[in-house]
Amino acid sequence: MRPVIYLDHNAANPPDPRLVAVFRAALEAGWANPSSPHGPGRRARALVEAAREQVAALLGVAPGQVTFAASGTEALNQALAAATTSGGRPRVVASAVEHPAVLEPLAALAAAGRVDAALAPVDPAGRVLVEPLADLARGAALVALIAAQNETGVVQPLDTVGRVCAAAGAPLLVDASQALGRLPRDWARAPWDLLVVSGHKLRAPRGAAALVHRGAPPPPLVRGGPQELGRRAGTEDVAAIAALGAACDLVRRGELLDPAALLALRERLEARLLEAVPGLVVVGHDAERLPQTVALLVPDGDSEALLAGLDLAGVAASAGAACSSGSLVRSHVLDAMGVDEARARGRLRLSFGPETTWEELATAADALAGLARRSRPCRR
Ligand SMILES: Cc1ncc(COP(=O)(O)O)c(C=O)c1O
């Protein structure tokens with residue numbers, strides 16, 4: 001079988017061997033129930049608490065401010081539900097380019113009459129517009145902001161939004177799933193009141209995420225046991241939690257990955273693509289973006305055909321968002337940025353990681369350029 005050039009890291013990263021080793025060791029040493037008071041249980045508990053300390057150290061909080069969950073999606077659902085605890089119908093604000101893990105639970109809470117949901121618009125580069133956000137944040141129970149967008153890689157003006165939320169007295173929920181570890185930033189000093197980190201986005205095996213709070217602890221979403229200080233019931237996934245903790249430790253020490261090296265690759269890839277494909281658009285070109293993400297609009301292109309062509313050429317890429325049947329859905333992110341449907345049809349996302357070589361990116365770029373040439377209508 002021909003090796004695949006894997007350019008879909010934003011969907012799933014190949015796990016880092018160091019974290020697979022931690023995961024395996026924790027499976028063997030920590031198989032017991034961490035709530036059991038006997039020796040094997042205590043060994044499992046020690047692994048969970050060591051991971052909690054590692055997450056806490058990265059984010060500059062006490063270990064008791066870290067609640068483990070099974071996925072980033074679950075942690076975000078819990079954070080949003082926390083905004084409803086005061087009763088009434090509080091306003092919850094989210095940027096229009098949040099991940100569905102925020103937008104869908106928010107819509108459900110609004111449909112149930114538990115919150116008034118408001119979406120803050122973004123500029124054509126996908127950055128949230130600060131003035132409308134400031135208006136909406138006044139009196140809001142929560143503002144949710146994706147630190148870096150998974151489809152486009154566009155980084156949000158977090159510091160400005162932090163100031164806006166502080167002035168409005170609105171707690172800020174930051175979805176750092178894609179940004180943490182990939183942006184060179186000190187998350188212990190960043191503005192947030194609730195922050196979500198997802199293990200598999202940090203190259204750990206899937207199965208654990210964390211919801212970290214600076215203010216009031218979030219009430220449980222999953223009930224049925226005293227785990228996680230009563231904030232998340234269910235027997236802990238010790239191995240996945242241990243790997244998430246180790247990933248956070250690598251991020252804190254600057255050893256998970258090298259954002260500058262990824263950025264250099266991204267710039268080279270974009271230059272090659274822009275030269276080879278006339279009319280190609282790099283989404284959010286002039287905005288700060290994740291170093292490993294390139295979102296493209298291929299002129300006259302069709303995502304499904306391009307992805308199939310790339311697949312045949314041995315390149316695994318993505319359109320950025322796909323529904324469960326595998327057929328492509330419209331991108332709410334591109335919609336919010338004002339990209340019309342015709343141009344959005346040609347969208348493609350290439351996302352890579354530390355194991356990706358320049359030769360692989362160049363091969364993928366050339367394959368894409370060939371497909372893009374073929375998708376152009378003949379103009380006489
Ligand atoms: C920005 C963002 N938020 C949240 C999630 C959901 O995280 P998880 O896959 O851990 O549920 C994802 C996953 O793709 C994401 O990219």
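Modeller: A residue counts as buried when its relative accessible area is under 20%. Please keep this cut-off in mind, as the structure above is a predicted model.

Biologist: How many residues of strand E5 are buried?

Modeller: In strand E5, residues 142-146, five of the five residues are buried, so the strand is largely enclosed by the rest of the structure.

Biologist: Which residues cover each face of E5?

Modeller: On one side stand Leu 142, Ala 144 and Ile 146, and on the other Val 143 and Leu 145; all are buried, and both faces are covered.

Biologist: Which strands pair with E5, and in what sense?

Modeller: Strand E3, residues 91-95, runs parallel to E5 and is joined to it by three bridges. Within this pair, Val 92 is opposite Leu 142. Strand E6, residues 172-175, also pairs with E5 in the parallel sense, over four bridges. Here Ile 146 lies opposite Asp 175. Between E5 and E6 the chain passes through helix H6, residues 158-168, in a right-handed β-α-β crossover.

Biologist: What lines the largest cavity?

Modeller: Its lining includes Glu 151, Val 283, Leu 297 and Arg 349. Strands E10 (293-297) and E12 (347-351) each supply at least two of the lining residues. By class, seven residues of this lining are nonpolar, two polar and three charged.

Biologist: Which residues line the second largest cavity?

Modeller: Among them are Asn 13, Leu 180, Lys 201 and Leu 257. This lining has four nonpolar, two polar and three charged residues.

Terms used: Residues are numbered from 1 along each chain as its sequence is written. This is a predicted model: local features need pLDDT of at least 70, side-chain atom pairs count only at pLDDT 80 or more; totals for chains, interfaces and linings use all residues. Side-chain values use heavy atoms; hydrogens and water are left out. Buried means under 20% relative accessible area, exposed over 50%, partly exposed in between (1.4 Å probe, protein chains only). Two strands pair if DSSP finds at least two bridges between them. A crossover is right-handed if, with the strands pointing away from the viewer, the path from the first strand over the helix to the second runs clockwise. On a 1 Å grid over the protein atoms alone, a cavity is a set of points where a 1.4 Å probe fits but cannot get out, and a pocket is an open set with protein on both sides within 12 Å along at least five of seven lines; lining residues have an atom within 4 Å of a point. Ala, Val, Leu, Ile, Met, Phe, Trp, Tyr, Cys and Pro count as nonpolar, Asp, Glu, Lys and Arg as charged, and the others, Gly among them, as polar.
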